[in-house]
Amino acid sequence: MAPVSGGGPVALSPLFASYRLDSSFDEMFDADGQARAPYRALLARLIDLPIEDMRRRQREADAAFLQQGITFTVYGDKGGTERVFPYDLLPRILTNAEWERISRGLSQRLLALNLFLRDIYGEGRILAEGIVPRELVVTAQHYRREMRGLYHRQDVRISVAGTDLVRLPDGSFAVLEDNLRVPSGVSYMLTNRQITKRVFPQLFTDYEIQPIDHYAQALLATLRSLAPNQHSSPTIVVLTPGVFNSAYFEHAFLARQMGVELVEGRDLLVHDNIVYMRTTGGLRRVDVIYRRVDDDFLDPLAFRRDSALGVAGLFNAYRAGSVAMANAIGTGVADDKAVYAYVPAIIKFYLGEEPILPNVETYLLGNDADRAYALEHLGELVVKAVGESGGYGMLIGPHSTSAEREEFRRRIVANPRNYIAQPTLALSRCPSFLDDGIEPRHVDLRPYVLCNGEECTVVPGGLTRVALKRGSLVVNSSQGGGSKDTWVLAE
Amino acid sequence: MLSRVADSFYWMRRYLERAEHSARVLDVHLSLSLDDPTDAVGRTLLSAVGETPIDVGVEASDVVPREATGRIDPGHRKAVVGFVVGARENARQIREHISSDMWEQLNSMYLALRDIGAEDDTDSSSFLRSVIEGTHLFHGVAEATLSHGEGWHFMQLGRYIERATTTATMLEDYFGERGNTTLDVQDAGEYVEWVGLLRACAAFEAYCRANTADVQPQRLAEFLLLNAECPRSVRFAADRIEDSLRAIARGLGRQATGRPERFAGRLRAALNFGTIDEILEDSLMRYVESIRRQCDQIHAALNQTYISYTIETAIAR
C-alpha cells in the first residue's frame, strides 16, 4: 500500500492528496507511483488545475446531462424516478496496442458465439460431441425451444453485443460476462464523449483519440445487412418497450441518430406473416427490427401471454423469414453464466483457435466438486444467478453478512444449476474526480461489438463504468455506478 | 408519421383546450357566485365542465357548487389538473416529436399546478389564471418552435374540434334552460348571466366590438355560431378544422375527398352560408345539437382514417 505521494510528480498537487494505491491494477500509475505513459499528458494538465476549476467543469457536465434529458429510470423507486447517470470527468485511456488485442479477442468471441447459437438450435454438433453438456444448454433460462430446427435466412444471431471486460491485477483483460440479448449503454458511450469535448476541450489537444461518432452509422449498416429482401431499401425500426423503460432515452437516441422510426409494440401489427407499422399514411412494411424488448415480451402468442409490449404474430412472421430481428430470438442461452464457462471450449471447437481474451475462473455450482468448494468458501467468492443481469441476484462474499450467505447457501442447495461462483476480482482502478479531489475507483469496460456475419466491428472505445462508492465493486447504473469517457489512442 | 404519434399530438392539444375552457368557466362561476349565491348561471356553465367525456374521477355530485366561498370546489380543481396531466402524458409519449421548448413549458406548468393543487387554501383565482396563461403560453411556444407539418395539424384538430364541441354544448345548455322563445333580456340579473356566457367563451370583448354592449341572446347566438373572425366561434373552428384536414391529406399525397374532409366541409358550409334567422326559425336547439354530432363524426372519421383503421381497409387502400 505505497502512497502515491511518496514520490513522483503527484506530490505536487493537492488534488491527489488522498490517492492511495492497493493491490489492484491502477490505470494511471504503476506500482512505484509513476504515471503510465498514456496518462502523463493528462496528469500534467491536472496538476496545474485548482480544485475549483474541476468542480466548475463537473457542474457544467452535470447540467448538460440534465438539460439534454440524458436520464435513466430506476425501478423499485416510487413511480420510477428519472435520474442522470453520474458522469466522471476524467477519461479512461487505452493504448492502441491494448485496444488491438481487445478488438481481436471480441471479434473472435462473437464469431464463435454466433456459430454456437446456429449450431445448438440446428444440427447440435457441439452437443453431440459432448463439448458443452446438452443438459446445460436446454435447461438454460433463456434457451428458446421454439427456435429449434428453425430454418432461417438470418445467419447472424447476435448482431449487437456489449461484452463486459475487467482488468486483472497483472494488467491483462478478461471477459466477465457476455451481454448478447439487449445490451444497453452505448448512448452513454457517445454522449460522454460529447460532454467531455464540451467541458474539457484542452485535453483533446494533447492526444490523438480514435473517433467513435460513426457508431450509429455502423449500427444502421449492420441492421441493413439483415434485411430479408435486399432489392429494395429496407425499412428499419427500433422497437422500445415505451417511455417507462429505464433505457428509453437510449432507444430514442439511437432511432434519432440512425434516422429511423422509434416504435412500440402497439405501433406494429402482423398480417399474413408480414409485419407492418401503422402510420397516418397507411400501413408500412417493416423489414428489420432492432428490438430492445426481451424475448419473453416480444409476442404474446409465442411467449409470455400477459405481455402488452409485444406484437401478436411477430414470431410467426420471423419464422416465415419476412422480417429480421437484431438480436435474434434465443441468444440469451449463450450469455447464460453457466454456458459462459464453456466459451473458451466453444471458441476452440468452431474456430480451432486459442481464445485471445480469457475468461474469469468460474465454478459451476451444478457440479458436485465445484459446489462443495464454493459452499466452503462463500465468504471469498462472488455468487451470481445464471440468468440475471444488471447486478441483480448477486452475493459478493467479502462484503456480505452471514445472514446473506446463509440465504444464498439455501438457494444454491435448492437449485444448484441456477448459480455460478467466481473469485472476488480486484477490478482495476482508475482516477475519478470526486468533489474533494481525485481518488481511484474500480472500473470495468463494456465495448460494443457489431457483427454482420463475416466480420465484426468494434467501435474504438466503450463504456467504462465506475463504482463511485469508495471500495465498492459494483459498477451497474442501477446500483449506484457512474461512467466515464473512454479513449483509444491512435498510436 | 406513426399513427400513435399523431394521436398523441391530437389529444395533447385537446386536453389542454379542455383545461383552458374549464378554467375559464370556473373563473366566471367564481365571480358570479359572489354576486348571487344561488348562481343559476354558474350551474348551467358548470354542467358543461361536469359532462366531460374523459373520466378524471369527478363524480356528478362534486359538480354542484358549494355556497359562495370565493374558492372553487376541490373536485373541479382536480378535474382541471387532470386535464393538464392528460396533456402532459401525451406530450411525454412524443417528446422526440415536439420541440423541447414545448415540453419544458408544459412540464413546468404541470409542476406549478401540482404544487398549487397540494395546498387547498390557496387562491382559486390565481390557480385558474395560471391554467389559462399556461395554455396560451404553450400555444405560443408551439406556434413559434414546432414545424407546421403533420403533427401541428393534428394539434390544430384537437384544439378546434374540442372548441367547437364545447361552444356548441354551452349554447345548448344555456338556451335549453331558457327555452327557445325567451330571447329578450328581462332584467339586470339576466344581463349578467348572458355576459357570463360570453366571458366563459372569452368572447365578451369581441362581441361588444361587433355588436356594442347591448347583449341580445339572438345576437349572441349568431356571434358564437357564425362569426368568421372571433377565434371562439364555431364557424372559426370549423374553418380551421377543414384547413388542417386538407393540409394533412395533401401532405400524405391523398385526395382530400375522404370521410373526414366530407364531414368537415359540410359543417363548414353550413356555418358559412347559414343565417341566424333560418336557424331560429327551425330550432336553435336542434342546430347546436347537430353541430355537436357533426364534430363527433369528424373525430370518428379522423380516427378511422388515420389512427385506428382496420387492416382490411388499410390493405385495400
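Is B:C230 buried or exposed, and what is its relative accessible area? I started my notebook with that one: B:C230 has a relative accessible area of 5%, so it counts as buried. A reminder to myself before going on: this is a predicted model.

**Entry 1: cysteines**

Next I asked how many disulfides the structure holds over all chains. The count came back as zero. B:C230 is in no disulfide, and its nearest cysteine sulfur, in B:C201, lies 8.5 Å away. I then turned to A:C456, whose closest cysteine sulfur belongs to A:C451 at 3.2 Å.

**Entry 2: where chain A meets chain B**

I looked up the contacts here and found 22 residues of chain A touching 22 residues of chain B. About 1900 Å² is buried between the two chains, and carbon and sulfur atoms give 50% of that area. On the chain A side, the residues that lose the most area to chain B are A:V243, A:R278 and A:T280, which together make up 35% of what that side buries.

Three salt bridges are counted between chain A and chain B. I can point you to one pair: the side chains of B:R4 and A:E264 meet in a salt bridge, 3.3 Å from N to O.

β10(A) gives the most, with four residues. By residue type, the chain A side divides into 10 nonpolar, five polar and seven charged.

**Entry 3: A:S322**

My last stop was a serine. A:S322 sits in the loop between α10 (314-319) and β13 (324-326) of chain A. Its relative accessibility is 10%, so A:S322 counts as buried. What does A:S322 touch, leaving out residues up to four places away in sequence? I wrote down A:P228, A:N273, A:I274, A:R285, A:V286, A:D287 and A:A317. With A:N273 there is something specific to see: the side chain of A:S322 reaches the backbone oxygen of A:N273 at 2.5 Å. I also checked A:S322 against A:I131, and the two are 191 residues apart in sequence and 34 Å apart in space, C-alpha to C-alpha.

Methods:
Residues are numbered from 1 along each chain as its sequence is written. Chains are lettered from A and ligands numbered from 1 in the order in which they are written. This is a predicted model: local features need pLDDT of at least 70, side-chain atom pairs count only at pLDDT 80 or more; totals for chains, interfaces and linings use all residues. Side-chain values use heavy atoms; hydrogens and water are left out. Contact means heavy atoms within 4.5 Å. Buried area is the accessible area (1.4 Å probe) that two parts lose on being put together, summed over both. A salt bridge is a side-chain nitrogen of Lys or Arg within 4 Å of a carboxyl oxygen of Asp or Glu. Helices (H or I, at least four residues) and strands (E, at least two) are DSSP runs, numbered from the N terminus. Ala, Val, Leu, Ile, Met, Phe, Trp, Tyr, Cys and Pro count as nonpolar, Asp, Glu, Lys and Arg as charged, and the others, Gly among them, as polar. Buried means under 20% relative accessible area, exposed over 50%, partly exposed in between (1.4 Å probe, protein chains only). A polar contact is a pair of N or O atoms within 3.5 Å; within protein, one must be able to donate a hydrogen and the other to accept it, and residues adjacent in sequence count only if both atoms are side-chain atoms. A disulfide is a pair of cysteine sulfur atoms within 2.5 Å.
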